[in-house]
Structure formats: structure tokens, C-alpha cells
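Student: Could you walk me through this structure? I am new here, and I would like to start with its strands.

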Amino acid sequence: MKKNSNNIFRKIADKAYEYGFVSNIKTDIIDRGLNESVIRLISQKKNEPEWMLEFRLQAYKYWETLEMPTWPHLNIPPIDYQAISYYADPLKKNKEKQNREIDPELMKTFDKLGIPLEERLALSNTAVDAVMDSVSVKTTFKEELKEKGIIFCSMSEAIQEYPDLVRKYIGSVVNYRDNFFAALNSAVFSDGSFVYIPKGVRCPMELSTYFRINAANTGQFERTLIVADDNSYVSYLEGCTAPMRDENQLHAAIVEIVVCDNAEVKYSTVQNWYPGDAQGRGGVYNFVTKRGDCRGINSKLSWTQVETGSAITWKYPGCILRGDNSQGEFYSVALTNNFQQADTGTKMIHLGRNTRSTIISKGISAGKSRNSYRGLVRVSKDAVNARNYSQCDSLLLGDKCGAHTFPYMDIHNDSAIIEHEATTSKISEDQLFYCSQRGIATEEAIGLIVNGYAKEVLNKLPMEFAIEAQKLLSVSLEGSVG
Amino acid sequence: MNHEKEYIEIFDRHRQLIEEPCARLLNIEREKAFIKFKALGFPKSNDEQYRHSNVAKLFATDFGMNLGRININASPAELFTCDVPNLNTRQEFLINDSYYKGGNNKKELPEGVLLGSLNDFAESSHELLAPYYNRLAGNGDSIAQFNTSFVQDGLLLYIPRGVEIEETIQIVTMLHSGIDMMSNRRLLIILGENAKANILICDHSSNNNKSLSTQVSEIFLADGAQLNLYEIEETDNNNARLAQLYVRQNSNSRFNHCNVTLTNGFTRNLTEVVLDGEGAETDISGLVINDKQQHTDNRTLVEHRTPRCNSNELYKYILDENSTAVFAGKMLIRPGAQQTNSQQTNRNLCLTSCARMYAQPQLEIYADDVKCSHGSTVGQLDENALFYMQQRGIPIEEARHLLMFAFAGEVIDKIAIDAIRDRLHMLVEKRFRGELNRCKGCTLCK
């Protein structure tokens, strides 16, 4: 009996990464390499205004002066930035109609991923912006959203149609000088989503972006900008997958969120980039800068992330709590298996009065992976009555993996109350024994326990995502125990 | 900012002067350390380990160094009389960077115990000390290398296997000089199997000049050895202290350490404990009470190399006025160090809006069957407790003192020597009341 069930699990483990297929789509890829003319070419292909090109070139010049930082607890093989192609467009242009048609193969790809691009097929109440390689393929429910005044479109479209809005906010949260990858992204970013929720509007459906890398030897550099004006609310989801390839691919994105007075933004990510195979070959390098600026009073921003994919994850979604009474939240489950590495966490910068932040981080390491939590809580001199609670738990499955916690607390105010707790442990023998007694096989029991352990975070995800995330957690764990 | 250059020049120019009075062992290690120091230089501001403590600027002052071993005409008896009641200790003095040989300890030490000048013993017992001296600090950062390069003397305590010293050994380090002075001193403490000792280190200064001391201590505990080590810093606001404590513990050894910083200028204490034998236990704690512009940076690294070891850390800070403080504690669990129990607690009280606290409790774990946790808080006194006490007629000021006193008490109570514990309770209470916080014995307080 045990043998049989093991076989089944092995099978599941073998096909663990089910999004690893490659779509055969004619893609327009520019030559590899990065220089000023590549940036001009990207800008030209997108028919961008002059100011956007200036923005890119400025960032590129700054990037050239930088060196890749080495402080994270990660082992990153050197990246050759000249060996990457910075633009890949899977849409073919119909010259006569000047219309961009969607290749049926492309439609199929997204169907296969469970992301129907035809609105009639959409089951859930979710509007999707689908991004493949460097280009937004389609954005659904645009018209319905427009009626409410909500703008939900691709970044390229926004630059054309709402240049004033984009110009006002882009780079205002993550400056191109912020870090190495922010500078790189600002120079070469190709697409992404733009969301604007007008004053007093509660977005009636979940907005979502689905990122897919398909072409080989390309990097994905998208940029997402979300602006929630006064008294508005939006819940935004992000998902991502990539084909299985032996070489590593770079994904360096920027997400900027602006939260105005009394507004609330909920940002959820289920990150499932290709993690590489069991020998540690291939996989996506996920180096992302995500930050929200709670600039309005009573504003609220909540990050929820489930990180199961990527060979290397290196990101710290953060909140700048600038407005008085603003709130930041960060809920994270990071699971690493085989040779995956993760150095992730958050930054909570308390600037306004009575600001509050909560950090719940659950790390799970299996195989030979390394999983680190790194976070910063800073309370500035004027942030009176700041309150923070952080909890970082790590779970180790196996004796060859590592789990680390590196929290930083910089407190410059006497009225702050800051609490940080961290624990590291393995799955308790008692719990496993209890499950076995009730006829639950070990693998299944571990899945159950891990899901229970991560529940606090999974509960924060919108329904459909929560189910997907739960499945992901069990799939990613297959083969790691026993 | 290239102060290392100045010191490299001094070293090259006065090499003979430095090496002449010193034992061969010190000079052999000096050679290696100087090469490392030359390569490293002083810690830069972007060095993660020195992120909030700008050490390089300390070396900007033109300090005098007593490289020629000029005898300072000072008698510790005049500078210092310890007035802790009922404290029966054996007093040893380190004046600036030299062991004071004029002490009058009448009691004979048990056979085989070596206690005295490090330099003298390094000369006479080269074979005995060679496997220990600079074995732990040799891999240290540039401050450790700087110390090894310039050190000329210090204190050695060697206790052979099975010997217990009941009397507490009190090591008083005095800074005494008419000019701005730098001293580089060294402590080497070796306990054989099942040896036991209690050590109290009192760090004092008796002048108002600027002073900088680097102190590197290496402690080796063989199987089953037990050491209680307490350090109390009561220097002055002009004093900078860069202390590094390296400990290696073998099986079933016990190490209790409590480091209390009451008055200081700029202090950085690094404590690195390696648990290298099954069943070793370590308990390190610290209490910091800072005000004015005081700066205290406590860094700890507890490395578990073998299974079934326990470690416990408790650090508490009370920050007043413009003081700044850092706590960075790391627990490193090496692969294979299964069934480790490791706990770290850091609690901080900020009393003014100008005080700054930087806390970095860290875990780095490579074994799965472990129980490790850390907790860190920054906050204020409990409003409810204050209210409760006021309701019962205790004035707010008094209530605050009581609560702070209790807060600090948790660390002080870890000290196993009654007289010291009582004394510290009193000192801390005085400190909170803004009264004189020195031992009355210091020349400054007389």
C-alpha cells in the first residue's frame, strides 16, 4: 500500500511544474545586448513620447555606474547582461489594419494556464491583463471598468493615452536610483499594468495581471503602477509562470503603488516562475522591487505573497507609511525546495503619526534550499505612536536546507512599540504520529501540516488564489520528504 | 580618513621598540596579524558589522601609545579601592595595557594555576600557550588584527584540569594617563577539564583625557569546565572601548557571561561563542544604561557546531537623552548541530524621542531538528502598570523608577555572586535617580 502511494507521489513529483511547456509562437525578438541604441529601439517600438525616452536613458546612464550588490544571503552566479535580449513581442503586426492580432496559439497558451482571455469564458469576477514576454497581450473587462472611471490597461497603452497620469506617478515611489535592478528596469521596462482607481470608487472586481515568459534568452522587465485615489479600494492579483529551460532567465520588475487618503489597496502575488530542476539547473531569477507609498491619511496597503517558484527570489515588498494613521501589512509564505534560494521580506518605513504595520512571514525550506527572511522596520523621529508587530517562522524539512532570519529594527522615536518574534523548528513528531494514527500517509500529513502552518497567510488571499496557492504548496513539496 | 596609514607607519617605524620587550609568541602572531590589518584597514562605514558604529573616526585622535613600556608611576591602591561590601575577591590590576606586578595578594593559588602578566608567561611557558594564543582572534576582523599587532601585555589565567578557584578573581582595568591615550590589552583565559572559576572584570578610567582601549579576550573551556565571567564598564564619556571576546567551549562546559555597561562614551562589545562539543551550554546577557551622547553596540555570535548544545541570550537596553545603541545578535546553527536549543531575547526601552535603537536579532540555521527562537521589542513602560501604582499612591516618578529597576533586574539577577548583584542593583538604582553612579572608590568620586 505504502509502495503504491509512493509511486503516485513520485509521478506527481515528476510532473511537479506543470506550466513548463513552451508555446510555439512567432515572436519578434530584438538582438541580445544592452546599450543606448537598444533602449532607443524599445522606446521607438512602443512609440513613446520624448519624456519617456529621457526617463529611460537617465536610468540607463545611472545603471552603468552601478555594480550588482552582493549583500544578500544568496549564491548568484554572475549574470551577463549583454547576453539577454531585452524585448520580445509575441504579437504579430497586421500592417494593413494597423491592428495587433492575437495569435490563436497565444490564446491557447493562456487557456492552458487557466487564464481565459475571452470575457465570456471568464468564470470568476476577475479582470485580467495578460503579459507575455515584453508585451501585454490582452486586457479583459476594460469597458465595464471604464464605466466606473477605472483605468486598467497595459503600461504601454497608458503611456499613450494617459501620459499625464503616468508621468505624475511613475518613479515617484521607486526612483530609478533606488537600486541596481530598479535602474535596469527603469531603462528597459517593456510592459506591465497600469491601474487608476478614481476618487470614491470601490473597484467591483478583482484586477489581475498574469505574467508569462515564453521566449528563450530573454528577460522580463515589466512595470506595474497602481494609483488608488482618495476613498477608493482595489484588490489586485499577480500570477506568473515560465517554461522549463536549462538556462536561467532574469525577471526584474518594479511595482509601484500610490495610496491616497482613506484608500485601500490589497496586492496579492502567487509567484510560480520555473524553479529549476532537481539538480538546480535553470530557473528564473526573480529580482523585483515592490513598494507602496501610503501617502494619504488613513490609507492602507496590504501585501500578500506566496512564493513557490523561481530559482532565486530576491525581493522586499515594502510600505512607506507617510500618511497619518496609515497601515501596512505583509503576509508571506516562501517555500523553497531542491536548490532554490530565497531572500525575501519587507520594509516598513514609519513616517506619519499613529502608523501601524504587521508582518507575518512563514518560510518553509526543503531539499538543499536556502530561505531567508530579511526585513526592516524603521520608525522615524516624527512617527509618533508607531506600532509594529512582526512574526517570522521558519519550518525546516530535511537536514540539508537552511532557514535564516535577518530582521532590522531602527527606532528613532520613544513612543514606538515594536515587537519581533521568530522561531525555527521542524514538523513535530507528535503531529505526524497523530496523522499516521488516523491513517493519513506521511506525505499527505506533511502537506496538511504545512498548509495549516501557512494558513494565517493563505487566508489573506482572495478565494481562487488561496486554492491555487494551497495546491502549489503541496505540489512543490512532493518528493521532498520520505 | 586614512588613519590606518598612520598606524601602519607607526608600526613600521617602531617595530623594534614594540617587539623588543615582548615574548616570541606575541611577536610571531603580531607578524601575521599586521599583514592582515594592512590588507583590511579600519572598518569602513559601509561594513555591515559596523553599520551604526563609526569606529574609524575614533582613531582620528592623536593618541599616545606606550610602546616603549615606560613605567607609569601609579599605584592602583591610590586610584581605586573597591568599596563593594562583602566582596571577597582576589584583585589583579591592568593599568592601561600592562599587568600591574605590585599587587599584594597574599593567598596562594592552587598548584599549577598561572595568573599574571601574559607577556611574562608567554616567555616562560611558550609551549603551553602556543596552542591557544590568537587561535580564536586570529580570524577576527581588523580591530582584532590591530590589537594583535600592537599588543604588548595583558593578563593570563591558566587553570589546570580539575582545579577549582573559589575566590572570585577581580580584574580591574584602569586607564590612567596625563595625555590622550590608547591602550591595547589582551586577556587569555584557559580552563582545563572540569576546572572552575569566577571572574569579575571592572573597566574603570581615572582621568578626563580622551582614551581608546582595544581589548581582545580569548577563553578556552575544556570538557566540563565552568566559567562565570562578569564585566562591568564604568568609564567616562571620553572613553572609547572596542572589546572583543572569543570563547570556545568543549563538551559539557558551561559559560555564563554578563556584561553591564553603566557609564561609557563609545563602546562596542563583540562576543563570539563557539559551542564545539556536545552538551555545552552558554548563557550570555547584557545590560546597557545609556544617556547623554553615549553609544553602546553589543554584537553577539553564538555558533553551534555540535549537537545537543544549549544557548541563551538576554540583552536589555535603557536609552535616555541623545544616546544611541545597537544590538545585533546572531545564532548560527551549523549543519549537523541537531537538537540544539537556542534562545535570544532583546528588550529595549527608549525614554526620549532623541534616543535611537537599532536591533538586529538574526538566525542562520542549517539543521532541521532544532528549537531556535528570538524575540526583540522596543517600547515604553507599561501604562497600565504605571496607572496601577499611581492609584496606590506611588508618585509617577517613583513608579517609573520601580518599573525600570525591575526591567534591569532580570539581567542583574543572572549574576551568581551575591555581593556584585546587590552592588549592581544599587548602582542601577542610583543611576536612574541621577545620582553619582560610580564606585565611591574612584579618584574622581572621592
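Predicted model: local features only at pLDDT ≥ 70, side-chain atom pairs only at ≥ 80, totals over all residues.

Student: In which sense do strand 15 of chain B and strand 17 of chain B pair?

Tutor: Residues are numbered from 1 along each chain as its sequence is written, while chains are lettered from A and ligands numbered from 1 in the order in which they are written. Strands (E, at least two residues) and helices (H or I, at least four) are DSSP runs numbered from the N terminus, and two strands pair if DSSP finds at least two bridges between them. Strand 15 and strand 17 (residues 324–333) of chain B share ten bridges, and the sense is parallel.

Student: Which residue of strand 17 of chain B stands opposite B:Val302?

Tutor: Strand 15 of chain B covers residues 295–304, so look for a partner within residues 324–333, the span of strand 17. The residue opposite B:Val302 is B:Met331.

Student: And what is the bridge partner of B:Phe266 in strand 15 of chain B?

Tutor: Here we turn to strand 13 (residues 266–275) of chain B, which runs parallel to strand 15 of chain B and is joined to it by ten bridges. The partner of B:Phe266 in strand 15 is B:His295.

Student: How many of the ten residues of strand 15 of chain B are buried?

Tutor: A residue is buried if 20 or more other C-beta atoms, placed from the backbone, lie within 10 Å of its own, exposed if 12 or fewer, and partly exposed in between. Strand 15 of chain B is mostly covered, and its buried residues number seven.

Student: What about helix 8 of chain B: how many of its nine residues are buried?

Tutor: Helix 8 takes in residues 383–391 of chain B. It lies largely in the open, because its number of buried residues is zero.

Student: Is B:Ala399 partly exposed or buried, and why?

Tutor: You will find B:Ala399 in helix 9 (residues 396–412) of chain B. Because it has 19 other C-beta atoms within 10 Å, B:Ala399 is partly exposed.

Student: How far apart in space are B:Ala399 and B:Met389?

Tutor: Leaving aside neighbours within four places in sequence, the residues in contact with B:Ala399 (C-beta atoms, placed from the backbone, within 7 Å) include B:Met389. The two are ten residues apart in sequence, and their C-alpha to C-alpha distance is 6.2 Å.

Technical notes: Contact = placed C-beta atoms within 7 Å.
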